[in-house]
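Have the structure open as you read along.

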Amino acid sequence: MRKYLLPFLLCLIFIITTGVQFYENYLFRIQPPSEEWSKEVVISNGNVKNTPKIIKYRDMYIVAHDDKDKVKIILLDKMGKILEKKIFPGGDEILFDLNLLTDGNNIFINWIYSKNSIKNLVNLKLDKDLNQLEKWEIQGVRETHQISNNLMVISHPGRMEVLDFSNSTSSYVDINFASKLASTNTKNGYLIVYYDLENFKYVTYSDGKISEPELIMFRPISSREMLINTAVACDDEKGYIIIDRKMKNVFGVTSFITFPLEADKNAEAKLEGYGNFYYEPGAGYERDLRLNQYTDFTFNPLSVASGDEARFLIGAGRTYGKSQRQFDIMDFKFKDGKVTEHTFIDKTREGSTMPWINEDIVVFCNQTTLGQYEVCITSQNDAFKNANNTVRLSEIKLALLDTMTSLANSIFGLFTIGIRWILPVLFLISIVTLFGYKFSVKNKKILFAGMCLIAGVLKIIFAQNLFYGRYVNGLPEYLMPVSNGIILFCTISIISYLNGYTKYKNALKNNPDVLPIFTFIIAIVIDSILTQFIYSPYIM
């Protein structure tokens with residue numbers, strides 16, 4: 001029985017470590033992304049190129065998204081359950097600028113497609129059962145943007161038009177060129193921002209009328225950059241435009257423009273921060289969007305209706321959980337150029353992008369494979385959270401996968417971390433093996449025990465310096481004290497090398513010339529893997 005005690009203890013350490021890690025991963029995986037937002041609900045999938053849209057319709061939700069050359073319309077109940085789904089052909093060409101609106105009774109969906117270098121706007125009118133009632137086209141449009149459930153703006157050559165589907169009216173203003181449309185609500189109506197190839201400007205829309213354009217900032221595009229997307233939001237005094245751009249083929253380069261809304265428009269703007277940015281006194285100023293304490297990579301911003309603070313959704317790269325790198329959607333408020341509140345609306349392993357919000361519900365996409373996305377919704381509504389924040393089989397599978405990944409990282413860590421204490425001792429045991437024939441059986445046992453002691457001490461020194469130095473802030477509370485780490489290191493080493501020593505001693509009884517190196521390698525590998533298995537989830 002004693003012969004199996006040490007192997008049993010090693011197996012017990014492995015089982016306990018695996019169980020603890022699985023339990024930690026399980027608790028982590030079943031949590032919603034935050035207290036404010038529910039777990040995501042997958043409602044569709046496809047080859048999505050445009051931001052999906054969601055609107056509230058009577059006591060339901062409607063979601064629209066493109067799927068290559070098709071448009072999918074999905075009717076949902078308040079809990080996110082699919083009630084009806086329809087697919088409409090989008091045309092032979094790739095479609096873009098998808099919008100979904102309602103007048104309270106009927107549903108309107110439109111998108112742009114290009115034919116013979118001319119962009120046309122396809123419009124569908126649907127009834128409450130998603131049956132098509134009418135279809136018509138508007139030719140020669142440049143770009144569109146959805147403002148609200150019933151408002152959208154169209155950029156035509158030479159003019160900008162706002163359509164109000166609630167009363168079938170439109171209003172327009174003469175503008176030579178307008179692109180990168182973005183909008184937000186204000187106290188008096190809506191503010192619409194656009195780019196005219198060298199300036200950012202805005203117009204306001206209120207009581208069915210569009211104002212004349214106002215200059216925000218002279219901002220030509222350099223030869224090294226490309227504007228991808230914009231979003232705008234306002235607080236009591238200022239407006240903020242977030243610009244998502246590509247610099248020298250590098251994505252995730254975002255900056256923001258601050259501009260006065262009313263009283264300070266003619267005052268000299270103060271340039272804060274740093275960087276080589278364009279600056280026009282009397283209008284707006286630009287600087288890098290730096291959210292380093294929350295994220296190190298931002299993309300795909302979206303305006304959110306808010307109160308006295310500017311609010312945005314934005315794609316953000318972050319390290320989540322123990323050490324997992326992923327891209328999620330961040331919800332944050334902005335005041336005087338600083339983040340005042342923030343939270344994340346999802347925590348999926350897949351890259352999340354293209355969010356759209358309607359009051360307390362968001363639709364967004366998770367990239368599953370190249371070009372393929374899951375369309376998901378999440379909500380701040382308590383009833384929605386209660387219905388969808390349940391434990392899922394997929395979460396249990398992910399917890400198991402996380403645990404297996406930790407074990408794989410421990411084995412891989414032999415070549416990246418464990419090699420620091422393994423290599424010196426292997427060199428010594430190789431010498432002992434080479435000249436082992438000169439030693440008596442008693443001295444061979446002493447030398448083997450000495451190698452085990454050296455290996456254990458070296459492991460403790462290197463592991464303590466690494467895990468309780470560079471990575472100490474990532475450790476859980478029960479591993480944080482160095483004394484706990486020392487006890488773990490010593491316990492694993494004593495059992496591993498005592499087991500190896502016992503096997504070597506028994507082997508010497510049968511064959512005095514048996515080589516020690518193979519038994520020693522097994523012992524040091526077991527010691528290293530078990531040690532790293534405990535710590536690898538928090539450092540890899």
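Are H1 and H7 roughly parallel or roughly perpendicular to each other? This is a predicted model, and in it the axes of helix H1 (residues 5–29) and helix H7 (residues 516–535) come within 10 Å, crossing at roughly 20°. Angles under 35 degrees count as roughly parallel, so H1 and H7 are roughly parallel to each other. Their crossing is left-handed.

The residues that make this contact are set out below.

| Helix | Residues in the contact |
|---|---|
| H1 (residues 5–29) | Leu10, Ile13, Phe14, Thr17, Thr18 and Gln21 |
| H7 (residues 516–535) | Ile526, Leu530, Phe533 and Ile534 |

Sorted by class, the contact of H1 with H7 has seven nonpolar residues and three polar ones, with no charged residues.

Now for H7 in its own right. This helix has 20 residues and reaches 29 Å from its first C-alpha to its last, which is close to the 28 Å expected at 1.5 Å a residue. H7 is also mostly covered, with 15 of its 20 residues buried.

Is Thr403 buried or exposed? The relative accessible area of Thr403 is 1%, and buried means under 20%, so Thr403 is buried. Setting aside neighbours within four places in sequence, Thr403 is in contact with Thr18, Gln21, Phe22, Asn25 and Phe533. Among these partners, Thr18 and Gln21 of H1 and Phe533 of H7 also take part in the contact between H1 and H7.

How values were computed: Residues numbered from 1 in each chain as written. Predicted model: local features only at pLDDT ≥ 70, side-chain atom pairs only at ≥ 80, totals over all residues. Heavy atoms only, no water. Axes fitted to C-alpha atoms, helices over the stretch in contact; angles between N-to-C directions. Helix = DSSP H or I, 4+ residues; strand = E, 2+ residues; numbered from the N terminus. Parallel < 35°, antiparallel > 145°, perpendicular 65-115°, else oblique. Left-handed = near helix turned anticlockwise from the far one by under 90°. Contact = heavy atoms within 4.5 Å. Nonpolar A, V, L, I, M, F, W, Y, C, P; charged D, E, K, R; others polar. Expected span 1.5 Å × (residues − 1). Buried < 20%, exposed > 50% of the residue type's maximum accessible area, 1.4 Å probe, protein only.
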